[in-house]
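Have the structure open and follow along.

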Amino acid sequence: ARIAALLSCVATLLLVSSAEADPSRRRLGQALDRIVARSELRHATWAIQVRSASSGAVLYERNDDKGMRPASTMKLVTTAAALDAFGPDARLLTTVESGARLDGSGRLLGDVWLVGRGDPSLSTRFDDTGPDAALAALADALWDSGVRRIEGRLLGHEGAFTGDRRGPDWMLDDLAWGYGAPVSALTYQDNVLRVTLTPGERVGDPVVVDVVPRTPELTVHSTVSTAADGVERDITLERPPGTHGVALSGTLARGEEWEGELAVDDPARFATLALARVLEARGIVVAGGVATTSDPVPEDARILAAHEGEPLARLIQEVNKESQNLHAELLL
């Protein structure tokens, strides 16, 4: 994150320099050399080439022919491309759609689709009024249109994106954590559960486990116990690949707290289960159960409710300030 912040500063410096009528290569080179020479970056390896935005002339070079992995600095290029292609005010829609007839008793006589289009803003990251605020708005819209019961299935639709859910370079240990959350066109709460452990009252007591949001898509089992004040924290997470369970073990000293973000395996199902829960709390019964699909939505489907995501400029702010992996992938 520190490297990304420094590079963001470098990018700003380059824009300012290239805007000058007669940019000084020497001053630019000295400014960049000072950044590269910082003591906290002494173990870093750099490959840099700076060109004028107007003429294309090379203004600065350092190991410019060395092949390197761009890592999170690639987010700067990704977000710039998204801004250029769509503009800062672009928004993505998440919709509830159906081709089924609504009868006089408030029953939708068929399936309903929750259609994702890559919007990451179904999340408390952008709306702190509650984890289900956007979904509750969709449920309210269905209720206001007269829907009281869905006789068919509630289908989470993620067909807007194809390909692997995770990048090929992720290690097995990365897949359990929020920074390695899988990519889906239908995304909810960053595709993670937020788990908090707080110690019990006495040494040896089990810790208190809080999971938000709670979902059958991923269960958390804890045998973590409370340790005496000052004891070094020792918490282990086990999550066998392909399972829907996480086991936490170890100790947590009194006066401390542990927080972690755990990735779900099936984001579309995670989101659809959440909407089904919100619909039922609103009084709308989902009779046919929950499933997911990437098959095309029927041509006769009509939009019953819609959530308009945050402007692209706001999404990009989150990507670059937080180095948010999932959101960057969604913008590709």
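## Salt bridges across the chain

Arg-62 counts as partly exposed, because its relative accessibility is 30% (buried means under 20% relative accessible area, exposed over 50%, partly exposed in between, with a 1.4 Å probe and protein chains only). Its salt-bridge partner is Asp-33, with the closest N and O atoms 2.9 Å apart (a salt bridge being a side-chain nitrogen of Lys or Arg within 4 Å of a carboxyl oxygen of Asp or Glu). Asp-33 lies in helix H2 (residues 25–36) and Arg-62 in strand E2, so this pair ties together parts that are 29 residues apart in sequence. Helices (H or I, at least four residues) and strands (E, at least two) are DSSP runs numbered from the N terminus. Asp-33 is partly exposed too, at 32%.

This is a predicted model, so local features need pLDDT of at least 70 and side-chain atom pairs count only at pLDDT 80 or more, while totals for chains, interfaces and linings use all residues. Residues are numbered from 1 along each chain as its sequence is written, and side-chain values use heavy atoms, with hydrogens and water left out.

The whole structure holds 17 salt bridges. One of them joins Arg-125 to Glu-318 at 2.8 Å, N to O. Arg-125 sits in the loop between E5 and helix H4 (133–144) and Glu-318 in helix H6 (residues 312–322), so the pair bridges parts 193 residues apart in sequence. Arg-125 is partly exposed at 23%, whereas Glu-318 is buried at 11%. Both belong to a network of salt bridges that also takes in Asp-190, Arg-194, Glu-261 and Arg-314.

## A parallel sheet and its salt bridge

E4, E6 and E15 make an open, parallel sheet in the order E4-E6-E15. Its edge strands are E4 (107–108) and E15 (285–286), each pairing on one side only. Two strands pair if DSSP finds at least two bridges between them. E4 and strand E6 (residues 149–150) are joined by 2 bridges, and Leu-108 has Ile-150 in E6 as its bridge partner.

There's a salt bridge here as well: Arg-107 meets Glu-151, with the closest N and O atoms 3.4 Å apart. Arg-107 is in strand E4 and Glu-151 in the loop between E6 and E7, so parts 44 residues apart in sequence are tied together. Arg-107 is partly exposed at 33%, and Glu-151 is partly exposed at 27%.

## Antiparallel strands

Another open sheet has 3 strands in the order E9-E8-E14, with antiparallel pairing. Strand E9 (208–212) and strand E14 (258–263) are the edges, each pairing on one side only. Strand E8 (residues 192–198) pairs with E9 over 5 bridges. Thr-198, found in strand E8, has Val-208 in E9 as its bridge partner. Thr-198 is partly exposed at 25%.

What about strand E3 (residues 93–98): how many of its 6 residues are buried? The count is 5, so E3 is largely enclosed by the rest of the structure. E3 pairs antiparallel with strand E17 (residues 302–308) over 6 bridges, and Leu-93 stands opposite Glu-308 in E17. E3 also runs antiparallel to strand E5 (residues 112–115), joined by 3 bridges, with Val-96 opposite Leu-114.

Most residues other than glycine have a negative phi, and most peptide bonds are trans. Asn-63 has a positive phi of about 50° and lies in the loop between strand E2 (58–62) and H3. Asn-63 is partly exposed at 39%. Asp-190 also has a positive phi, near 60°; it's in the loop between strand E7 (154–157) and E8 and is buried at 3%.

A cis peptide bond joins Val-212 and Pro-213, with omega about -10°. Pro-213 falls in the loop between E9 and strand E10 (219–222).

## Helix H5

Does the length of H5 come from its ends or its residue count, and what are the values? The 16 residues of helix H5 (residues 267–282) should span 22 Å at 1.5 Å a residue, and its end C-alpha atoms are 23 Å apart, which agrees (the expected span is 1.5 Å times one less than the number of residues). Buried residues in H5 include Phe-270, Leu-273, Leu-275 and Val-278. After H5 comes Gly-283, with a positive phi near 105°.
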